[in-house]
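Please look over the model below before reading on.

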Amino acid sequence: MTSGRFAPVAAVATTVVSGAFLLLAPSCKEGGSAECGDACAPVEGTYPLTFRDDAGLPSECVNLNVQAVADGEPLVIQRADGGILTGSLTKVALTGQVYASGGLILTGTPPPSSDGGVSTFLSLTATFTGGPEDGGGGALSGTFTGQYSRIQGTSALRCTVTRPFTATRQ
């Protein structure tokens, strides 16, 4: 029975997955290059995070003993080369990309614990505005996402924290 009734579902799934890859593809200029050189937004610095509309941790995260990133926690960003960024948040090393538009993404995973503890993946997507050229100090507005999991027997406990934030460069 190959009536083709699943073809539209497959087409939609393919489109969604393809779109996700396009969003993740590095692009600084119209040509699609990840290298934006002098045109990259000047995002280097230390940004104490302020979380907006914070509803606290989901119960799944409380069960994993996840500690929420606190207001005022510093996000440190350095430029490695061109649009390539390095940084840190809560002692987790981050790597990522900044674009000429001011958009940036940073991700990181701390080393695994020897006791089989919680696995962590952090992601920050943000937009940079302002900077020295317009007399401002520069600010970020974006979303912090933390994904946490622990293997327990044959299953895994998981939780995701998504928190909008703002930050002004110190």
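How many helices and strands make up the secondary structure of the chain? There are two helices and eight strands, where helices (H or I, at least four residues) and strands (E, at least two) are DSSP runs numbered from the N terminus. Read from the N terminus, the order of elements is α-β-α-β-β-β-β-β-β-β.

The model is predicted, with pLDDT of at least 70 needed for local features and 80 or more for side-chain atom pairs, whereas totals for chains, interfaces and linings use all residues. Residues are numbered from 1 along each chain as its sequence is written, and side-chain values use heavy atoms, with hydrogens and water left out.

The chain has 170 residues, of which 31% are buried; buried means under 20% relative accessible area, exposed over 50%, and partly exposed in between, with a 1.4 Å probe and protein chains only. The accessible surface of the chain is about 10000 Å², and carbon and sulfur atoms account for 57% of that surface. These areas come from the Shrake-Rupley method with a 1.4 Å probe, and for residues only the protein chains shown count as cover. Contacts (heavy atoms within 4.5 Å) can be sorted by separation along the chain: of those between residues at least 6 apart in sequence, 52% join residues at least 24 apart.

Next come the strand pairings, where two strands pair if DSSP finds at least two bridges between them. S3 and S4 run antiparallel and are joined by six bridges. One of the pairings sets isoleucine 84 against glutamine 97 in S4. The two strands form a hairpin with two residues between them, and threonine 90 there has a positive phi near 50°. S4 is also antiparallel to S5, with four bridges joining them. Here glycine 96 is opposite leucine 106 in S5, and threonine 95 has threonine 107 of S5 as its bridge partner. The hairpin of S4 and S5 has four residues between the strands, and glycine 102 in its turn takes a positive phi of about 100°. S5 in turn pairs with S6 in the antiparallel sense over six bridges, and glycine 108 stands opposite leucine 122 in S6.

Is S4 largely enclosed or open? Five of its seven residues are buried, so S4 is largely enclosed by the rest of the structure.

The largest nonpolar core contains 31 residues. Such a core is a set of buried Ala, Val, Leu, Ile, Met, Phe, Trp, Tyr and Cys residues joined through side-chain atoms within 4.5 Å. Val43, Leu75, Leu140, Phe144 and Phe165 touch the most other members. Strands S1, S2 (74-81), S3 (84-89), S4 (92-98), S5 (103-108), S6 (119-129), S7 and S8 (155-168) each supply at least two residues of this core.

Phenylalanine 144 deserves a separate look. Its relative accessible area is 1%, so phenylalanine 144 is buried. Leaving out residues up to four places away in sequence, phenylalanine 144 touches Phe51, Val69, Leu89, Leu122, Ser123, Leu124, Val161, Thr162, Arg163 and Phe165.

Rings of Phe, Tyr and Trp (its six-membered ring) pair if their centres lie within 6.5 Å; planes under 30 degrees apart count as stacked, over 60 as edge-to-face and the rest as tilted. By this rule there is one aromatic pair. Phenylalanine 51 and phenylalanine 144 form this pair, which is edge-to-face, with 6.2 Å centre to centre and 75° between the planes. Phenylalanine 51 belongs to strand S1 (residues 45-51) and phenylalanine 144 to strand S7 (residues 139-152), so the pair ties together parts 93 residues apart in sequence. Phenylalanine 51 is buried because its relative accessibility is 7%. The charged end of arginine 163 sits over the ring of phenylalanine 51, 3.7 Å from the ring centre; the rule asks for NZ of Lys or CZ of Arg within 6 Å of the ring centre and within 35 degrees of the ring normal.

Two other residues of S7 complete the tour. Threonine 145 lies in S7 and is buried, with a relative accessible area of 19%. Glutamine 152 is also in S7, and with 47% relative accessibility glutamine 152 counts as partly exposed.
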